[in-house]
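Hi,

Here is the structure I promised to pass on.

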Amino acid sequence: MDSRVSSRSPQVAATFEGAARAIVGPEHISVVDPSSNTDFSLCPRTQATAESAVQPTLLIEPATEQELTKILKLANKASLKVIPRGGGTKLAWGNPPQRADIVLSTARLNAVLEHAWSDLTITVEAGCTMKQLRETLAERGQRLALDPLWPSRATVGGVLSTNDSGALRLRFGSLRDLIIGVTLALPDGTLAKSGGKVVKNVAGYDLPKLATGALGTLGVITQATFRLHPMPKEARTISCLARDVREAQRLILAIQNSKLAHSALQVRFVESMQPQIDTLFEATPAGLAAQVEQLKSILAASAVIDPGPVVWNARQELYSAAKDNESGSALAKISVLPTQIAEVFETLAAITANQARCNAVMQATGIGSIYLEAMPTALAGVLKTLRNKLEGMGGSVMIAHHPSVMPALDAWGDPGDALPLMRAVKQQFDPKSTLNPGRFVGGI
């Protein structure tokens, strides 16, 4: 009998569930009911095939690394497929899993393990929410210089697995620059650790960077150590309107080429409105005043306003607007060169004309979020054309959300010549494809 089929038999499921209850306690295992969560799904949609038509049946919440590794080892041995879950905010990202039997939650692994405030480092468990982490660090006047989506729900492990960062990336770097240590639970029950608790540690295999953005396909993150930054004395946002996308491009490059010490820089494109550029400064009061005056001289005749920090929620507002699986909306994350921003939006305007509504936020790094609204068939055509255009420019398009009724379209696009190496890494860490099978690039 096919092991994939037999692994889903009532006998195998009952044996696994009995062993799992003995490990975590019966009160920490429940039957999955996706309809019970009104904000985010408990698990992603599986691919519509005969093999994967059944949704995950169990939600398991271990309390320790040791419990989690035992559950993962049991599932791997029984050939059951596992979906790691933090706050559940980004389970729609990537392709639908080829199959899913168990949702493995890190909700109870939520402790702050060590805050070495004098060394500007912190070690936390993967289920710690970003809000909890921020509040802990604020007590010492410190922060993790990161602005992910839905911080009250998003967990450290989930943010790392999806490599979710926002506008602060411009000044402080990506998650791969901020993480200095990680612990991964591998499907065979091994706890793999790499990195350290000091910023200059460079010894060993660079597991933290490898796990970041892997969408939980290599192992389940259980702990992470980050480098920290002091909280700013004060912050101020200055915005201006540009006549069109070409002027917006010119102003962004002028700000980037200046000696301004800005922490974030973005441009918002709202349908039927002029592009708006937002610049964030973080400094002392005297430093802020000097920076703002220098910025005004660069912007010259452009209309300058002080909108407050609310403009930095623009990316999250786009994602929140697109999270309904049944609506005619889609959300794509794009990446291009900073010098190509105007070209991208001129191309997008031509593609969406009379077909779709479009709003977008682009960071000065060239990373952006595009919200589209149209009939599902039109959305598929717009996204496919946009991907072809951007990949031709050396960029990329990742489809983070789309309606469930939209024609099938790969979430990731062309992986290039890196796919064989990625498959080899997957084989090394998860040879039975226990974790998130099919969700990552190239069906990994």
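**What I found**

S194 sits in strand β9, residues 191-195, and counts as buried because its relative accessibility is 10% (buried is under 20% relative accessible area, with a 1.4 Å probe and protein chains only).

Before you read on: this is a predicted model, where local features need pLDDT of at least 70 and side-chain atom pairs pLDDT 80 or more, while totals for chains, interfaces and linings use all residues. Numbering runs from 1 along each chain as its sequence is written, and side-chain values use heavy atoms, without hydrogens or water.

Overall, the protein has 14 helices and 19 strands (DSSP runs numbered from the N terminus: H or I of at least four residues for helices, E of at least two for strands). Of its 444 residues, 54% are buried.

Now for helix α9, residues 245-257: its 13 residues reach 18 Å from first C-alpha to last, close to the 18 Å expected (1.5 Å times one less than the number of residues). At its start, a side-chain oxygen of D244 comes to within 3.2 Å of the backbone nitrogen of R246. The buried residues of α9 include V245, L251 and I255, and its buried residues pack against β12, β13, β14, α10 and α12 (contact means heavy atoms within 4.5 Å).

Cheers

Technical notes: Buried means under 20% relative accessible area, exposed over 50%, partly exposed in between (1.4 Å probe, protein chains only). A polar contact is a pair of N or O atoms within 3.5 Å; within protein, one must be able to donate a hydrogen and the other to accept it, and residues adjacent in sequence count only if both atoms are side-chain atoms.
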